[in-house]
Amino acid sequence: MMAAKGKHQAQETQAPEGFEVAPQHRMTLGYLISLLARLLAQSLKVRNGPDGILPGQYPIAVELLAQDGMSQRDLCEVVRIEQATMANTLKRMERDGLITRRQSAEDGRLATIHLTEEGARLARDAVRNAAEVNSVALEGLDLPAQMALRDMLIDLTERLEADIKRRG
């Protein structure tokens with residue numbers, strides 16, 4: 001049995017309205033958000049070009065644009081990725097000439113991460129490209145709808161983060 005879901009149709013499962021509960025229907029919240037995230041990343045990657053900032057490097061580059069000289073640990077916390085993933089990403093960024101590491105002036109045991117001149121240029125380009133990707137994705141939504149979507153996504157994120165903390 002098919003039921004109307006706005007302009008999209010999906011087979012009913014246990015939930016009478018909203019998102020499907022059966023993952024095979026490709027209408028679960030997680031599936032749709034994951035698909036959207038992949039498409040946003042692919043669109044950004046195409047715009048940045050083969051020598052530009054990669055989607056996985058983007059949050060790191062943006063944080064370093066805002067505050068150059070962060071430690072790897074601080075970047076992990078702000079970007080919310082695991083230490084091992086951060087280490088691998090930074091290694092690739094260093095290899096590609098996007099960042100350099102320097103000994104911390106405050107603690108000689110720590111290194112700070114800095115964008116190179118080329119890394120900063122590419123990061124600024126990526127920020128402009130991300131704004132363009134957002135415009136394409138949000139086309140057709142007026143400003144109040146965009147703000148409502150943003151607020152809903154923030155609320156979902158906060159609820160899931162709290163749930164993980166409770167259960168972890």
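Reply: Start with exposure. Buried means under 20% relative accessible area, exposed means over 50%, and partly exposed lies in between (1.4 Å probe, protein chains only). R121 has a relative accessible area of 37%, so R121 is partly exposed. Keep in mind that this is a predicted model, where local features need pLDDT of at least 70, side-chain atom pairs count only at pLDDT 80 or more, and totals for chains, interfaces and linings use all residues. Residues are numbered from 1 along each chain as its sequence is written, and side-chain values use heavy atoms, with hydrogens and water left out.

Me: What percentage of the residues of the chain count as buried?

Reply: The chain has 168 residues, and 25% of them count as buried.

Me: How many helices and strands are in the chain?

Reply: Helices (H or I, at least four residues) and strands (E, at least two) are DSSP runs, numbered from the N terminus. This chain has six helices and five strands. Along the sequence, the pattern reads β-β-α-α-β-α-α-β-β-α-α.

Me: How many salt bridges does the rule give?

Reply: A salt bridge is a side-chain nitrogen of Lys or Arg within 4 Å of a carboxyl oxygen of Asp or Glu. By this rule, the count is eleven.

Me: Where do R121 and D125 lie?

Reply: Both lie in helix 5. They are four residues apart, about one turn of the helix. D125 is partly exposed because its relative accessibility is 24%.

Me: Which residues are linked in a network of salt bridges?

Reply: The network links E118, R121, D125 and R128.

Me: What separates N and O in the salt bridge of E94 and R101?

Reply: The N to O value is 2.9 Å. E94 has a relative accessible area of 35%, so E94 is partly exposed. R101 stands at 30%, so R101 counts as partly exposed.

Me: And R150 with D151?

Reply: Their side chains meet in a salt bridge at 3.7 Å, N to O. R150 is partly exposed because its relative accessibility is 47%. For D151 the value is 38%, so D151 counts as partly exposed.

Me: How far apart are the C-alpha atoms of A137 and L40?

Reply: They are separated by 8.0 Å, although the two residues are 97 residues apart along the chain. A137 sits in helix 5, which spans residues 117-138. At a relative accessible area of 45%, A137 is partly exposed.
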